[in-house]
Amino acid sequence: MAGDEREAVAGPRRRRNPGGPSLRILVLATAGALLVAACGGGDLPQNSLDPEGPIARDIDGLWQLTFWIAVVIFVLVQAALLWSIFRYRERPGDDRKVRQAHGNTRLEVMWTIIPAVLLAVLAVPTVSTLFDIREEPEGDVLEVEVVGHQWWWEFHYPEQGFYTANELHIPEDRPVNLTMTSADVIHSFWVPKLNGKRDAVPGRLSRLTLIADDPTPEGEPIFGQCAEFCGLAHADMRVKVFVHDEAGFGEWAAAQSQPAVIPTDGLAAEGWETFKLVCTACHPVAGAEEANVRLAPDLTHYGSRTTFGGASFRNDTEHLRAWLRNPSDLKPMAPERNDVAAGRILGMPSFGLDSRQIDGLVALLQGWE
Ligand code: CUA
């Protein structure tokens, strides 16, 4: 019985509808083209194929070299494949036996040696670029210490003596030596237009050099992102890099080096009273001895920043008010797991502030330019 069934199914091979496969290929090709096109349009702030500094350009150069070699191989292989498919396709009444190439020493040596040579050719510039971009810069270098936190970046300028958060300011055309670590879990610092990514690991120091060609236009910093999954707000752990000309950087650094001015009257002074009660448990402020705990972003010149909350939210009144009401409404965090005494902070809690207190804090923070 079973044999009979198989007999019935097997029968002579049916010719497929000749329009079928080619239509499917057309649909697939169109979908593929649309998918690829979707990657190309518009503003791509984290596009490593659009380097804005010599190190990123070296990496991009390697990629271009590899890509174009791969394109040539792809075209050759596909051409050979298509030629074979059409040249040796099955024709009606054709019952040739396929010639077996198994054990063909010449072919096998060829397809071993060609890839080996290609890999060797690619290895030379790859290894030399790897060593180049890892080299510690010398001479006129700006030192910045970076600490990754769940979920924000701390930047310390040891020579200038100040701290900032999430927004990194650097001079154009001058190597910036980032010495990085983490306060909690492994993060990864990545500004694709300036260099590759490098992990920030607790208990270790890692290093990364940034060099930017030109000052960034007003309001258009270079974007970066934590590139190692680090918990709830990993996606909101961003970086913005502002590149200045040498004079502009000097001005910015001089302003950041100033202590915060503690207001003595008006709404901002009320805000300072709230700040001392609530915020100083974690946030440091230069120039205020009440605010010397460094567990959360340094707020000395908070008003000069364009974003906050891991460079994820525009630093305007609306966002700041929403944040002060309940930060977790904006950014997923876990403040219920904070242990301030142990120095573990997983986000800012809602302190149940009333709108008068929020107004005061907004006035205070925006005044700290
Ligand atoms: Cu920090 Cu992902």
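**Buried loop residues, sheet order and helix packing**

Asparagine 166 is buried, with a relative accessible area of 4%. This residue of the predicted model lies in the loop between E3 and E4. Its phi is positive, at about 65°, although asparagine 166 is not a glycine. Alanine 311 is found in the loop between strand E11 (307–308) and strand E12 (313–314). With a relative accessible area of 1%, alanine 311 is buried.

A cis peptide bond is present between glutamine 150 and tryptophan 151, with omega at about 5°. Tryptophan 151 belongs to the loop between strand E1 (142–149) and E2.

Strand E4 takes part in an open sheet of five strands, arranged in the order E4-E10-E9-E6-E7. The pairing in this sheet is mixed. Strand E4 (167–171) and strand E7 (198–200) are the edge strands; each has a single partner strand, so one side of each lacks a neighbour in the sheet. Averaged over the sheet, neighbouring strands are turned by 30° against each other, direction ignored. Strands of a sheet pair through backbone hydrogen bonds, in either a parallel or an antiparallel manner. Strand E9 (residues 222–226) and strand E10 (residues 238–244) run antiparallel and are connected by four bridges. One of the residues involved is isoleucine 222, whose bridge partner in E10 is valine 241. Helix H5 (residues 246–257) packs on the sheet and touches E4 and E10. The direction of H5 makes about 135° with that of E4.

A helix–helix contact was also examined. The axes of helix H6 (residues 266–278) and helix H9 (residues 355–367) come within 7 Å and cross at roughly 105°. H6 and H9 are therefore roughly perpendicular to each other. On the H6 side, the contact is made by Leu267, Ala268, Glu270, Gly271, Trp272, Thr274 and Phe275. H9 contributes Arg356, Gln357, Asp359, Gly360, Leu361, Ala363, Leu364 and Leu365. By residue class, the contact of H6 with H9 divides into eight nonpolar, four polar and three charged residues.

Cysteine residues were considered next. The count of disulfides comes to zero. The closest cysteine sulfur to that of cysteine 279 belongs to cysteine 282, at 9.2 Å. Because a disulfide requires sulfur atoms within 2.5 Å, this separation is too far for a bond. Cysteine 279 is buried, at a relative accessible area of 13%. Cysteine 226 likewise counts as buried, with 1% relative accessibility.

Conventions:
Residues are numbered from 1 along each chain as its sequence is written. This is a predicted model: local features need pLDDT of at least 70, side-chain atom pairs count only at pLDDT 80 or more; totals for chains, interfaces and linings use all residues. Side-chain values use heavy atoms; hydrogens and water are left out. Two strands pair if DSSP finds at least two bridges between them. Helices (H or I, at least four residues) and strands (E, at least two) are DSSP runs, numbered from the N terminus. Axes are lines fitted to C-alpha atoms, for helices over the stretch in contact, and angles run from 0 to 180 degrees between N-to-C directions. Contact means heavy atoms within 4.5 Å. Buried means under 20% relative accessible area, exposed over 50%, partly exposed in between (1.4 Å probe, protein chains only). Angles under 35 degrees count as roughly parallel, over 145 as roughly antiparallel, 65 to 115 as roughly perpendicular and the rest as oblique. Ala, Val, Leu, Ile, Met, Phe, Trp, Tyr, Cys and Pro count as nonpolar, Asp, Glu, Lys and Arg as charged, and the others, Gly among them, as polar.
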